[in-house]
Structure formats: structure tokens, C-alpha cells
Amino acid sequence: MSALKGPILFGDFTPEAGLARALAMERAEVISEVRSSGLKGRGGAGFLTGMKWNIAAAAKGEKKFVVCNADEGEPGTFKDRVLLTSYPDLVFEGMAIAGYAIGASHGIVYLRGEYGYLLPGLEETLNKRRRGRLLGEAVSGKKGFSFDIEIRLGSGAYVCGEETALIESLEGHRGEPRNRPPFPVNTGYLGCPTIVNNVETLALAARVMSEGAEWFKKFGTGKSAGSKLFSVSGDCERPGVYEFPMGITIAQLLKEVGGEGAKAVQVGGASGHCVPAVQFTRALAFEDIPTGGSVIVFGQGRDMLGAAKNFMEFFAEESCGQCTPCRYGTKVLLDGIEKLENGSCSMAYLKELLALGETMQLASKCGLGQSAPNAFISIAANFKDEVLGRERRSEGRGE
Amino acid sequence: MTSKNIESRAPASQRRQVVPAPAADDAIGASVSVTIDGAEAKVPFGTTILEAARMMNVKIPTLCNHDDLCIAGVCRVCVVEIEGQRTLQASCAYPVTQPIKVNTHTRKVRQARRHILDLMLAHHYGECYACWRNGNCELQSLANEYGVDGFRFGKMEKPRYAIDQSSYSVVRDMNKCILCRRCVRTCIDLQEVGVLEAVNRGQETKIACFMDKPLADVVCINCGQCINRCPTSALAASDPTDEIWAAIDDPKKHVVIQTAPSPRAAIGECFNCPPGTPLTFQMNTALRHCGFDKVFDTNFTADLTIIEEGSELLLRLHKALVEKDKAAALPQFTSCSPGWVKYLEHFYPEMIPHLSSAKSPQQMFGAVIKTYYAKLNNIDPADIVSVALMPCSAKKFECNRPEMCDSGFKDVDYGLTTREMAAMIKEAGVDLPNMPKSDFDEPFGTATGSGIIFGATGGVMESALRTVIELVCGIKVEKLFDHADIVPVRGFDGIRYVELPIKDVGPVSPILENHFKDWNWLKGATLKVAVAHGTANAKRVIENIKAGGKFSECHFIEFMACPGGCLGGGGQPIPTSPEIRAARAKAIYAEDAAYQVRKSYENPAVAHLYENFLTDGPCGHRSHKLLHTCYTARGKYIL
């Protein structure tokens, strides 16, 4: 594991400076500061955080909620775990700032079930904050602003990382995405306006408030301000969590982690895209290759069809089963990959599978189904030689 | 015309999300412009694309959507392309909140629809020839409509799941299920029973009962509303047709059939007649053609039910008002809907004393046929096969209740649904709508209008009121209500409440002399009654009673398990919708209006039965033995 070093999150900073500065401002000013920083959601979708906060702040509702999405389930992603282990205060500080900005008094951390072992430490941190008056009635002495945080554990469904499924799960229902619109900012947890932000987004928001929007914008690119945490795994010398400015090219990143000579990089986990070596000059940023932070390096010896199969097995398992394209599409694509593997897939059927992939991207109810075929489609497009022309194997000759 | 205007209990992922209107547009009439396939229209803020399309006569295919149910947006068949949006949107679930341009048949949309149908067909164990929904299957129609010409993604060669035939009423075949979840929403949202839920994930997803138990071992009330809303044959009623044919074929058996009021108003739908085509007398002929030895009218025992249940109500009122006995459980609940009875037994067993002990008309008839009728005609009751044509799946369970053997035999042998009857009539080669008319058989032939309206929500209450008003007040109902139509208890509002002051009382009629000397104790009282249909509404009423609310002051409450009452029962023709149920109700009330005798107590055959058979009168010893029953406190947890 690399030592944690980076410009914004993994740098030196004064704890609670962001919260103090925010509480000294009007709510609208906080939102406007976050907005002008250009901070975008770090979960992968890249929605402007300030805009999300602004809609929730304007939404009518007796109660409002701040939800921290810590259901880090994307294969190859582990940066939120690092943040919650090493910088839990920064995350909670960000939640309090968000709560102040939108007028919420209740924060919920939806913690991935597998991270249950972090719970005692996080609860202790929360208690410390309560004792330090950073949570509870009149946070930091700010009259009229009370805010507390509770931690709720997920139960292992990948789909609960999707914000509306997460809210269903919080309400005690089976984790399944809702129809949108309306969005959670208007109608979220218990029908109240709710913002759901990624762990990293909230930590960054705290840093934005402490150092200011202008400082934040110095990092990254014009359309992708700030830095990004990357969870790097696979065929490289130094896997681990890294903080790089947004806009870093894949080649630069591979150099930093000792992964030069890779055949391909899967950016964005199972739901992301497979980038072949010829495209390593591309940048990791919202305007080029958006990512939630997972970077899986494939060395020269890797079987790309095998990688596609691995990802598709994951989705076939994790599809919540609610909508038709995702429930059955993942299975049909998986069967198709197996056909390709044993050389029994015709070109016509491959074309049909790719079209089905497009249907899934377009017609699935939520982001899970919409992104499930991404890896397969990009691998089929970029590694045609590997995908096609497999030696035909007779039926029944297992793995 | 919504039967349910209460908040949904379904998870938000399984219902339409209400979009709060922006503050500035709060004014009533705020409308948004929507352009569909080039045509523009203004629609109210929050109208879904599907609703807008229907207003504009644009057809969008649907599958998981149903007029009676909350919106799920899960099948995705109704996707459309909105200009400027990356993904397609489910038109059933997408509210129009700003001007949008929608295209309903672009390349992407057509491709997606075909793929979605292909995917469903690949995972639906399709045996269309051998399927009772052949010709009435929404999946089949869509496949036809959208040009499916092959199994692009393969097909199921073997069934994956065992068929659940544990229940007397409902059969579940998950091999036919396409996971539209209408049954789930019917059960939890429409009926608030909630025995069905999606379990597992991905392609292992299936609809199951609690802990994957068979349907007979969960709190299913057998209402069969799920069957009526299933687009395929994943849900069916348990079909006794073969046994009935066998009985008809057996020369030793005397096969009689009683027909409830609702099937006759709906069976035409199975023969391409518009909903609400009454075929009562054509059906009588058709049933005889099928081979039934006698065709009786359940309305006869509906009238009998009114006398028994009405007498029981008066006895309870006397107990409460005169004897000041707190044990007189008021309000009295009707007991003719077996789905409702089982609902109460499961969910509110502590309220069982409120249930009228009177059997349902079906079971009264069963008991009378194998005793009175058998004796009258010198037939060994062991040779009688008694069939009940009902709009209902729960009736199948009811006739199998162990306590329903008061004649010394199984009082009713088979409950047959309207759908199954239609299939038998078709199998017999009978062209029902064009049959000559014929009447019911004696000695139960004469019915009254009161019996027929049992089929509609509020009908039992209206019949009871017609009789009670005349017996107690000594005046003609027509004096209070034009044509004796007690309109306040009619309609489709989920819960209705009516007060009826008893200003004057008349003499006690001979039929009730065993129990009462005079009615003076009722003079000046106000009779408070209520009607609820659909168990979701029933639940509201019961909760209100338990909380000491307005309904705890009631004296008599009619409950029907199914939305719309029996005419919307789980054995009725598919499809169902508020409009179809309204048409059936119209037919039923029209038939009532056509009767000469419209009050149960005036039914001469009923009077004859009391004079010659149930000689100690209503709620007497003999009627108690044959026409009344007891209930089982089942509770929610079944081991």
C-alpha cells in the first residue's frame, strides 16, 4: 500500500476549518461556494454537487436528510474504505456542512455491510464529535443548527449503491431502484428532500469550504475541478489508493503505480469501460473518461474475454431483478460470452448481443443495468481478435 | 372512480412517485406542453407520458402497468425516447413536469421493445397450445403485435419451478411468470394482504410467499385478485372442471348448479360481448345443454341470508339496546364474502364475534339442497353433486371448510368460476349469447331483486335495509327511496357510511314473532351502517373501529374482499378495470329494477321454506344447524 499523499485529501489541513468557515456563512453562501468550486459527485455520475445541494435546499419539506453513500460496492474500488479509516472526521465534517447548507438536521451513513468492522471506530469518532459539540444541538455553538449522524449497515446488495435503491433499503424495503423523476433531492428518504453524496464528495466539500473554491479549482481541469482518489489494482507494482488531480492520463497514472506495459485498463470498475493501450493518452476526467475511481490494470497475459465474463458474472448475480432488460439481459450476455469462449457464437449472434447491450444501456431502469454491458461492449470493440476466433470446443467439455 | 384513495403500502420502487409542483405553478390548472410523435398537447403538471399519449390517442404498449394498480415501471415495454435524453424512459412512470418532445417508435424504441419481448419469451415457459390463457394473454398479444417471429435469445425447454397447487383456490405456476409484479402490487397495495413478494436477484428473481412456503400455508385470503391482473397464466384458479364433467357423465349422479348474480353479468365477456351484457336466462339454457340436471338461482339463498342475517342483527340490537348486554358484538359484520372472512380470521381474529354467524348464500344453498331439496324429490343426498357457479376463487376454499358439512355431506361439492363455466360452455359447443332464454328451476325459482344486487358492493346492505325498513318501520321502502333504490349505499367509493333514522315502527311480522313482541325499543333510534369493499378499505374500517372511531358506532357493516364487490371477484373474466366493473354493476342494477319482487322477505319461496322446513323460523334451532356457521381464529403466523 502506498503512503497516502496527495494535494487535497491526503495533504496537510486544519481539522474542522471547513465547518467553522461554513457556519460563519449564510446557507446560500455555502452552496454558492461549493457550486463555484465546480465540485462534481465522485461516485461516478459526476453531477454538480453544489447544484444538488441547491435543489435540496430549495425543495419543500419539513425534514431533510443528508445521506453519505458508503456502500462502496464497485469491483476494484476501495478508496472510501481508506477515507473512512484514515479521515472519518473529514467525511463527517462534510456531512455537517451539507446538512447546514440544505437545512437538514439528520445525517445517515449507509455503510457497506462488508465494512461492518469499521463500525466501532466510526461510532467512537461520532461520539467524540458529539462530545466536542461538532454534532448535536447547536453545532459548534451555531444557534439554530443541530445535526447528528447515524450509521446504518447495508446487507451486501451492489444495487444499493444506486441512490434510490439505497433509500429503499434505508426505509426497510428490498433494495430496488425507484422510478425517477422525481429525484431524491425532492422526494427521497421517507419522502423528504434528501441528498445522497459519495464519501469522497463529502470529504472534498469540507476541503472546499476550508480552502475556498478558487483554491480547489487550481487542481484538475476546467470541467473537472479538484483531485480524485483512485483505487488501483491488478497487474501493477504498487497497487493502492492514490490521490491525483483530475485529468491525469492513464499513461501517467500507470507510471505512478508501476503498471507500464499494460494491455488494457478497466476504468470505473465492472460498470466502467475497458481502455486499450492505444488510448492510454486519454485523461481520467468527466469530459473524457469519467470514473468513480476504480482502475484495474490488465497485463499482457490477461484474457480479455475472460475479464468480460468475470464482469458479466458479477452483474448477472447483482442485478436486482426488477426490470426486464437487466434481469435477463445480463444472463443472455453472459451465455453469449460463454458461446464466444467455446467458439460457438456466430457473427450474427454477436451483433445481436451488442444490440442487446445497447438496449440495456438505453432501457434499463437504473444505472446498474444501463452500465452492465459497458465492459462487454468495450472489450468486444477493442479486442476483436481476442473475442473472436476462439477454437471451437465441443459441448460438455467444461472449464 | 377510484376505489382506493389511501396511501400506498407498496415500497416506493413499486409505485408512482408524486412530483411536487413548483411553487410558482401551484395554481390549479397548471399545465405543461408535451409533444408526442409531432403532435402537441397541454396536459396537467405531473401527467405521465403514457396518460398523455392515451389522451392523444397514441398507443404505447404496456405490460406491468394496470389501471387498478400503482405504477412499477419494471417491464420497460412502454419505453419511449425523449428528445435530449440519453436513455429511454418508461412512459408509464415518467411524469411530464416541463415541456418535452417524445417519440414513441424510433429505432432505439423499436429495438428495445423487441429485445424486451424477446427476453421475456426466452424466460417464459411458453406452451401456448396447452395454456388456459391462450387467446387472452397479454404477452402473446404483444409478441404478435410487435412482430416477434422467433426465439432470438432461446427458449425454456424445461419448466424451472414446481407448480404450487397447495391452495384450494389459487394455483401458482412461476414458469409462466414474467415478473411484471402486478400480483405483488395487487396483494400489497390494492388488497393490503401482502403474501406475495419478489425474492432473490437477477435471473433467479421469482415471486414467492413468506419463506418460500406454499400458498396454502401463508395468510392468502384466496380473493384471486392477483389472477385477474396476471398478464399470463402464472396465476390461475384451481380448476374442478374435469370432476364436474365426470359427475355429469355419471348417470347415477344428480348434478345441480346454483348460479350467483355476478357471473351472469360478466360471462358474456368470455364470448366477445361487451362488459355488462346480462345473459342470465341464456345461461340457464346453456347450463342445461352442458348437462346440469337442475339450474338454481343463488339469489334464493341470498334472500334467505338477508332474513337470517337481518334477524341476527335485530337480535344483537335487542341484546345491546334492551338487555344492555355488552357481549352483543356490534357492529355486526357481513359474512358472505369468503375472502373477507379469511382476511378477518387472519388479521383480526379478535374481531370474529362481530361476524354474522349466517353462512354465505352459496353454503346455505348447499345445505338446503342436500336436505330439503333431496327429501322433497326423494333423492339420496349422497348422489347429489352440488356445483356453485361463483365469480369467486375464495368460494372454492369456502366449500372445502371442514365445518361446511351440516347436511351430513359436503354441502357444496365444487365452486366453479365464471371463467371455468365459460370454458365448459364452449367445450360443450354452446353459443351462449344466442341461446334461447329459460328460467331457473323450481322449487327455488323465484328470486327477488334483493338477491341479484348481492353482486355489487353495497348490495347486501341495500337488500338488508329494504327488508329491515319494511319489517321494522312498517312502511314501504319506496316512501324513503325512489323505486326502493337505496342510492347512498351504492357506488364505488371505497368506504361509505349511511345513517337511517327509525322514526316510526310497525307491528312485528309473523316470521319474527318467535323472537320479538314489538319494535318500540327501536323507535327513535338511528340505524348506522357502512359499506367497504377491497380488504384495504376493510382494514381502514376495522382499524377505525378498534380506535373507537365513527365506525365503532355502526350497527351493521358490509364487507366485500374484492374491489367492486363480487362483480369484481377473482373468478370473473379477465381483464378487469374500473370501467369494466362499472359496466357489470350497471347490468346488475338493471336486472334488479326489472324484478317485480325486490325485497327478500317477500320472496314466496323463502316464506315457503320457513313454513315447511325451517319451521322454527329465522335464527331458530333448525336454521342454526343448517344455515349458520362458526369461524377459526387463524392469526398471521401459520406454523
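Helices (H or I, at least four residues) and strands (E, at least two) are DSSP runs, numbered from the N terminus. The model on screen is a predicted one, in which local features need pLDDT of at least 70 and side-chain atom pairs count only at pLDDT 80 or more, while totals for chains, interfaces and linings use all residues. Residues are numbered from 1 along each chain as its sequence is written, and chains are lettered from A, with ligands numbered from 1, in the order in which they are written.

**First stop: a loop in chain A**

Select A:Gly113, which lies in the loop between strand S2 (106-111) and helix H6 (119-131) of chain A. Is A:Gly113 buried, partly exposed or exposed? A residue is buried if 20 or more other C-beta atoms lie within 10 Å of its own, exposed if 12 or fewer, and partly exposed in between, with C-beta atoms placed from the backbone; A:Gly113 has 13 such atoms within 10 Å and is therefore partly exposed.

**Second stop: a sheet in chain A**

Next, select the open sheet of 5 strands in chain A, whose order is S6-S5-S9-S7-S8, with mixed pairing; two strands pair if DSSP finds at least two bridges between them. Strand S6 (240-245) and strand S8 (273-276) stand at the edges, each with a single partner strand, so one side of each is left without a neighbour in the sheet. Neighbouring strands of this sheet are turned by 30° against each other on average, direction ignored, where axes are lines fitted to C-alpha atoms, for helices over the stretch in contact, and angles run from 0 to 180 degrees between N-to-C directions.

Within the sheet, strand S5 (residues 227-234) and strand S9 (residues 294-298) of chain A run parallel and are joined by 4 bridges; here A:Val232 stands opposite A:Val295 in S9(A). Helix H10 (residues 250-257) of chain A packs on the sheet and touches S5, S6, strand S7 (264-267), S8 and S9, and the direction of H10 makes about 135° with that of S6(A).

**Third stop: where the chains meet**

Show both chains together: 36 residues of chain B are in contact with 36 residues of chain A. On the side of chain B that touches chain A, the largest share, 8 residues, comes from helix H2 (residues 107-122) of chain B. Colouring that side by class gives 19 nonpolar, 12 polar and 5 charged residues, where Ala, Val, Leu, Ile, Met, Phe, Trp, Tyr, Cys and Pro count as nonpolar, Asp, Glu, Lys and Arg as charged, and the others, Gly among them, as polar.

**Last stop: the domains of chain B**

Colour chain B by its domain assignment, automatic or from a database, which gives domain 1 (12-117), domain 2 (150-237), domain 3 (242-300 + 362-434) and domain 4 (303-360 + 447-627). The centres of domain 1 and domain 2 of chain B, taken over C-alpha atoms, are separated by 28 Å, and 11 residues of domain 1 are in contact with 9 residues of domain 2. The domain 1 side of this contact has 7 nonpolar, 2 polar and 2 charged residues.

Definitions and conventions. Contact = placed C-beta atoms within 7 Å.
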